[in-house]
Amino acid sequence: MKKLLNSHEFMMFIILIAVSIVIGLKNPLFFSASTIFDIVRGSLVYCIMGLGVLMVLISGNVDVSFVAIAAMTSYSTHMLLLRLGYTGGMGLYLAIAILFGLLAGLAMAFITTQFDLPIFYVSLGYQTLWYGFNLFFIGRAMNFSLPQGLVGYYSRFLIKVKDPVAGETGLHISVIYLLIIAIFVWWLLKFTTFGRGLYAMGGNREVAIRAGFNVRRITYLMLALNGALAAVAGVIQDAYSRSFNPVLFMGQDLDVIAAVVIGGTAITGGRGSVIGTILGVLLIQILNRGLIFLGVSAEWQRMVVGLVLIIFVSVPAVIERRQKRLKYSPMEKEE
């Protein structure tokens with residue numbers, strides 16, 4: 001219990017509740033059913049992408065290409081299925097997009113491991129590559145032609161409620177995808193050699209290699225999963241929007257990375273959790289919507305999120321440095 005109360009995740013949870021109460025006291029509409037379910041739905045795709053980013057950051061790397069992979073896989077899948085006359089729902093969309101995402105991730109892993117390049121540098125070029133691929137080879141315009149199976153997907157709810165302001169609203173069915181993915185990633189990180197290898201790589205890559213971890217294989221699986229999760233997020237977001245966008249999520253890569261870091265993942269690697277990632281995304285969503293309810297302009301919203309990121313990166317670093325100093329100070333006195 002003491003370990004739980006001192007954890008970053010518990011602190012995040014308390015901050016979430018406190019921020020929500022403050023905003024709700026200023027504007028009671030924040031606690032309406034429509035707002036709560038809107039925050040949950042708005043968080044789902046970022047949580048899914050964030051779980052892929054989580055694995056990359058734990059390994060001590062940074063990838064910014066996942067947003068472009070999300071756009072490329074979802075848009076390419078949509079245009080392909082339209083030409084084939086597909087009229088079904090999400091199943092085939094997700095299957096094909098995940099395949100494309102896996103291949104994109106594997107291609108990136110091949111480049112980074114074959115030429116021993118930092119993932120961050122390769123991902124910078126990869127981001128431009130995939131957005132350019134969509135615009136040049138697939139299409140430049142948003143496509144609003146949905147197959148019959150996707151019509152009305154944005155309003156498919158597990159639980160429906162009547163809201164006096166928004167009318168009928170509810171908990172979107174895509175929360176099931178997030179639950180399955182979150183449990184799967186949690187299991188990978190906690191109970192598999194792959195997960196232990198990621199943390200070991202983030203702690204010290206050379207030590208991980210000497211300990212017997214196959215860093216090359218771990219990198220392939222990590223980037224393949226990151227691409228697959230980006231693909232899932234892209235398809236779900238486009239289905240929400242009732243249109244498929246060739247430049248989906250452009251410029252939002254740092255927002256997702258910021259949310260994962262706020263959730264307790266170390267940008268230098270070796271630390272991070274599934275629950276922390278989800279809480280980090282929720283905090284960003286609550287702040288963004290809460291500031292709207294408080295009448296704060298969009299420019300100030302970005303500044304507030306930036307300040308929160310600085311605080312959540314700086315405070316743990318200061319605490320960790322202080323703990324190390326206290327740990328070694330008795331030894332210095334004895335000497």
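Modeller: In what follows, buried means under 20% relative accessible area, exposed means over 50%, and partly exposed lies in between, using a 1.4 Å probe and protein chains only. This is a predicted model, in which local features need pLDDT of at least 70 and side-chain atom pairs count only at pLDDT 80 or more, while totals for chains, interfaces and linings use all residues. Residues are numbered from 1 along each chain as its sequence is written, and side-chain values use heavy atoms, with hydrogens and water left out.

Biologist: Thanks! Does Asp 38 count as buried, partly exposed or exposed, and what is its relative accessibility?

Modeller: Asp 38 lies in helix α3, residues 33-58; helices are DSSP runs of H or I with at least four residues, numbered from the N terminus. Because its relative accessibility is 34%, Asp 38 counts as partly exposed.

Biologist: Which side chain makes a polar contact with the side chain of His 78?

Modeller: His 78 sits in helix α4, residues 66-83, and counts as buried because its relative accessibility is 0%. A polar contact is a pair of N or O atoms within 3.5 Å; within protein, one must be able to donate a hydrogen and the other to accept it, and residues adjacent in sequence count only if both atoms are side-chain atoms. A polar atom of the His 78 side chain lies 3.2 Å from the backbone oxygen of Ser 145. The side-chain partner, at 2.7 Å, is Tyr 93.

Biologist: And Gln 285: which side chain is joined to its side chain by a polar contact?

Modeller: Gln 285 belongs to helix α12, residues 274-293, and is buried, with a relative accessible area of 9%. Leaving aside neighbours within four places in sequence, Gln 285 is in contact (heavy atoms within 4.5 Å) with Ile 39, Gly 42, Ser 43 and Tyr 46. The polar contact of 2.3 Å joins the side chain of Gln 285 to that of Arg 289.

Biologist: Why are Tyr 126 and Trp 130 separated by about one helical turn?

Modeller: Both residues are buried. They are separated by about one helical turn because, in helix α6 (residues 119-138), Tyr 126 and Trp 130 are 4 residues apart.

Note on methods:
Helix = DSSP H or I, 4+ residues; strand = E, 2+ residues; numbered from the N terminus.
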